[in-house]
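Biologist: I would like to learn how to read side-chain contacts in a model like this one. Could we begin with the aromatic rings?

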Amino acid sequence: MKSHLKLAGSLAAAVAVLVAPATVLAKDAGTSHSADQEPRNAEAIARLIAVWGFVKYHHNDARDGLMPMDKAFFELYPQVASAGSLEDADAVIAAWLDAIGYGEPCDPCADDAMPSADQIAIVRPTNAWIATLPEALALRVKAVFNNRSAAAGNFFVQTAPVIGNPLFSNEPDYSNTSRVDDEAMHLLTLARQWNLLRYWFPYRDVMDTDPHALLEGALDEFLTAETPEDRQRARLRFAAESDDGHVNIAAYRKAGSPIGECMSPHGWQFVEGKLVLDGRGIEGHEQLRPGDVVTKLDGVEVVDLAQEYGAMIAASNSAWRERMLAATLARGVCATRQITATRGEEAFDVAVDWTAQGASASPDFGRAGETIQKLEDTVTYVKFDQLKRDQLPELVEAANAGTGLVLDMRGYVSDFLVFALGQYLVDEPTEFAVFTRADVATPGQFVWGQTMTLNPDPDGQRLTVPVVAIVNAATVSSPEYHAMAYRAGGVTIVGSTTAGADGNVSSYPLPDGAGMRFSGIGVYYPDLTPTQRVGIVPDVMVKPTIAAIVAGRDEQLEGALAYLKAQTAG
């Protein structure tokens with residue numbers, strides 16, 4: 001047995017109460033099937049998940065890759081899950097801690113190498129939960145914490161070069177094993193997800209609910225999920241608690257969507273809180289018109305569908321959730337389906353055939369045509385999602401020959417142009433963003449990292465006309481980062497709030513081979529105010545309306561042009 005914590009005499013008796021028989025870890029725990037028919041002790045499982053994750057990321061041997069943590073979970077789970085009492089479960093966990101030891105006494109220790117207070121963006125999670133454990137179990141967990149070495153490495157967590165978002169290359173994959181449908185593996189999935197949010201998610205501080213408070217409710221749902229699809233839905237709903245628009249588990253798309261592989265022939269989006277036909281559609285389906293409001297699908301209220309499927313969509317704000325929900329509801333069975341809609345005061349039903357060649361799930365915003373266009377003879381318009389680096393000289397020349405430039409950023413990017421275009425916006429070095437990164441030596445702590453700066457074009461070339469960028473909920477991640485930079489260079493932002501999900505994406509492996517993507521670093525303004533969940537709030541707010549859809553107008557582009565005209569007139 002490895003080195004043990006020295007216990008004060010007053011605690012020795014308390015510890016003895018918790019020590020399980022020596023054979024407790026010798027049972028064959030190859031599967032959890034033997035415990036499938038027994039009641040589950042949810043409170044005990046929650047304790048196991050918390051202690052197991054704490055050990056995984058804090059114990060010196062685990063950090064050095066010397067401790068097979070999944071194996072330990074598989075051995076412990078059936079005993080803890082079927083424990084007759086919480087005290088019995090505590091005894092199992094305590095015996096495990098005794099068996100693995102608490103790590104050699106550290107010198108130097110992790111706390112000796114802590115960064116200064118002004119370098120810390122998010123402090124490590126409080127250890128107050130440890131104080132809620134029985135005294136003897138708490139003493140063991142504290143010993144693991146107190147013996148943490150100052151060594152910066154961690155077998156389970158590496159960091160990407162330069163930016164520093166976390167990488168997870170040492171998580172076992174059980175997709176090709178008999179464990180894939182095992183209950184213990186299903187709960188290991190929750191253990192991985194929950195401890196990820198607790199220790200490696202840079203926006204833990206802006207979640208609606210602290211991860212620690214999520215565990216009990218998540219366990220209730222995980223333990224009642226029986227089919228593979230129900231288990232995937234439980235994992236999606238827990239992932240959505242991150243309140244991060246980057247979070248998704250692509251392998252679970254079918255479980256998180258209506259049954260079927262066909263698409264609605266009509267395109268729609270949420271406008272003014274309603275599911276509205278937006279004019280996109282395939283030929284031969286003219287029963288519905290732009291501006292019609294869909295209230296039911298096959299007799300089910302849209303508000304009920306939104307509650308069901310929206311709970312499985314991770315979103316930083318309502319704008320992104322509504323965009324993703326509209327795309328989700330556009331999928332369904334290949335059949336004739338009943339759409340109930342309203343047009344003004346009239347309500348009506350329409351039978352619509354859903355096919356594999358339906359309308360696109362999400363709208364494309366902006367003008368059709370070339371990447372760089374001329375509007376009103378003097379304004380240059382750019383479809384930013386098509387703009388390439390080699391087109392920038394043409395863009396700058398065209399814009400400077402007119403009276404203004406519109407960057408339509410309502411979509412993703414096809415090239416990274418933060419600095420390549422940003423250099424034409426500034427006369428001097430201009431800070432626009434600050435990153436945070438995980439402090440691998442102190443799980444759950446995030447430190448301030450790089451400050452990002454726009455530098456002027458070395459040849460002195462500059463955009464000399466007013467520049468406006470149009471944004472909306474389709475402006476997510478990299479386009480948001482571009483908009484931050486350009487705003488610092490004097491660009492005026494017009495439109496509606498963006499998706500509020502920024503930061504290089506990391507992928508966390510789940511036991512069944514799926515990957516859970518999430519924001520791996522934090523992105524803040526230079527004054528350290530957040531962007532996550534807030535999004536890029538426009539300088540000139542122009543929200544889409546149903547009336548504009550009916551009229552076929554692009555209000556946000558109109559608002560951008562009106563702003564430029566006012567600047568020219570001034």
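Modeller: Rings of Phe, Tyr and Trp count as a pair if their centres lie within 6.5 Å. Planes under 30 degrees apart are called stacked, those over 60 edge-to-face, and the rest tilted. Keep in mind that this is a predicted model.

Biologist: How many aromatic pairs does the structure hold?

Modeller: The structure has 21 aromatic pairs. Take Phe-155 and Phe-156: their ring centres are 5.1 Å apart and the planes stand at 80°, so this pair is edge-to-face.

Biologist: Is Phe-156 buried or exposed?

Modeller: Phe-156 has 5% relative accessibility and therefore counts as buried. Phe-155, with a relative accessible area of 32%, is partly exposed.

Biologist: What does a tilted pair look like here?

Modeller: Phe-435 and Tyr-481 are a case: the centres of their rings are 5.9 Å apart and the planes lie at 40°, so the pair is tilted. This pair links distant parts of the chain, with Phe-435 in strand β15 (residues 430-438) and Tyr-481 in helix α14 (residues 478-488), 46 residues apart. Both Phe-435 and Tyr-481 are buried.

Biologist: Which residues form one aromatic cluster with Phe-155 and Phe-156?

Modeller: The cluster also takes in Tyr-57, Tyr-199 and Trp-200.

Biologist: Where does the charged end of Lys-56 sit?

Modeller: The charged end of Lys-56 sits over the ring of Phe-156, 4.9 Å from the ring centre.

Biologist: Now to the charged pairs. What is the general idea?

Modeller: Side chains of opposite charge can pair when their charged atoms come close. In this structure, a search of the whole model finds 26 salt bridges.

Biologist: Which residue does Arg-40 meet in a salt bridge?

Modeller: Arg-40 meets Glu-183, with an N to O distance of 2.6 Å. The two come from distant parts of the chain, 143 residues apart: Arg-40 is in the loop between α1 (9-18) and α2 (42-58), and Glu-183 is in helix α7 (residues 183-199). Arg-40 and Glu-183 are both buried.

Biologist: And which residue forms a salt bridge with Lys-56?

Modeller: Glu-171 does, the closest N and O atoms being 2.8 Å apart. Lys-56 lies in helix α2 and Glu-171 in the loop between β3 (166-167) and α7, so the pair ties together parts that are 115 residues apart in sequence. Both residues, Lys-56 and Glu-171, are buried.

Modeller: Glu-171 also forms a salt bridge with Arg-192, where the closest N and O atoms are 3.5 Å apart. Here too distant parts of the chain are linked, as Arg-192 is in helix α7 and Glu-171 in the loop between β3 and α7, 21 residues apart. Arg-192 is buried, as is Glu-171.

Biologist: Which residues are linked in a network of salt bridges?

Modeller: The network links Lys-56, Asp-70, Glu-171 and Arg-192.

Biologist: Last, the helices. How should I read the crossing of α2 and α6?

Modeller: Start with the distance and the angle between the axes. Those of α2 and helix α6 (residues 135-146) come within 9 Å and cross at roughly 25°. Angles under 35 degrees count as roughly parallel, so α2 is roughly parallel to α6. The crossing of these two helices, α2 and α6, is left-handed.

Definitions and conventions
Residues are numbered from 1 along each chain as its sequence is written. This is a predicted model: local features need pLDDT of at least 70, side-chain atom pairs count only at pLDDT 80 or more; totals for chains, interfaces and linings use all residues. Side-chain values use heavy atoms; hydrogens and water are left out. A salt bridge is a side-chain nitrogen of Lys or Arg within 4 Å of a carboxyl oxygen of Asp or Glu. Helices (H or I, at least four residues) and strands (E, at least two) are DSSP runs, numbered from the N terminus. Buried means under 20% relative accessible area, exposed over 50%, partly exposed in between (1.4 Å probe, protein chains only). Rings of Phe, Tyr and Trp (its six-membered ring) pair if their centres lie within 6.5 Å; planes under 30 degrees apart count as stacked, over 60 as edge-to-face and the rest as tilted. A charge sits over a ring if NZ of Lys or CZ of Arg is within 6 Å of the ring centre and within 35 degrees of the ring normal. Axes are lines fitted to C-alpha atoms, for helices over the stretch in contact, and angles run from 0 to 180 degrees between N-to-C directions. Angles under 35 degrees count as roughly parallel, over 145 as roughly antiparallel, 65 to 115 as roughly perpendicular and the rest as oblique. A crossing is left-handed if the near helix is turned anticlockwise from the far one by less than a right angle, and right-handed if clockwise.
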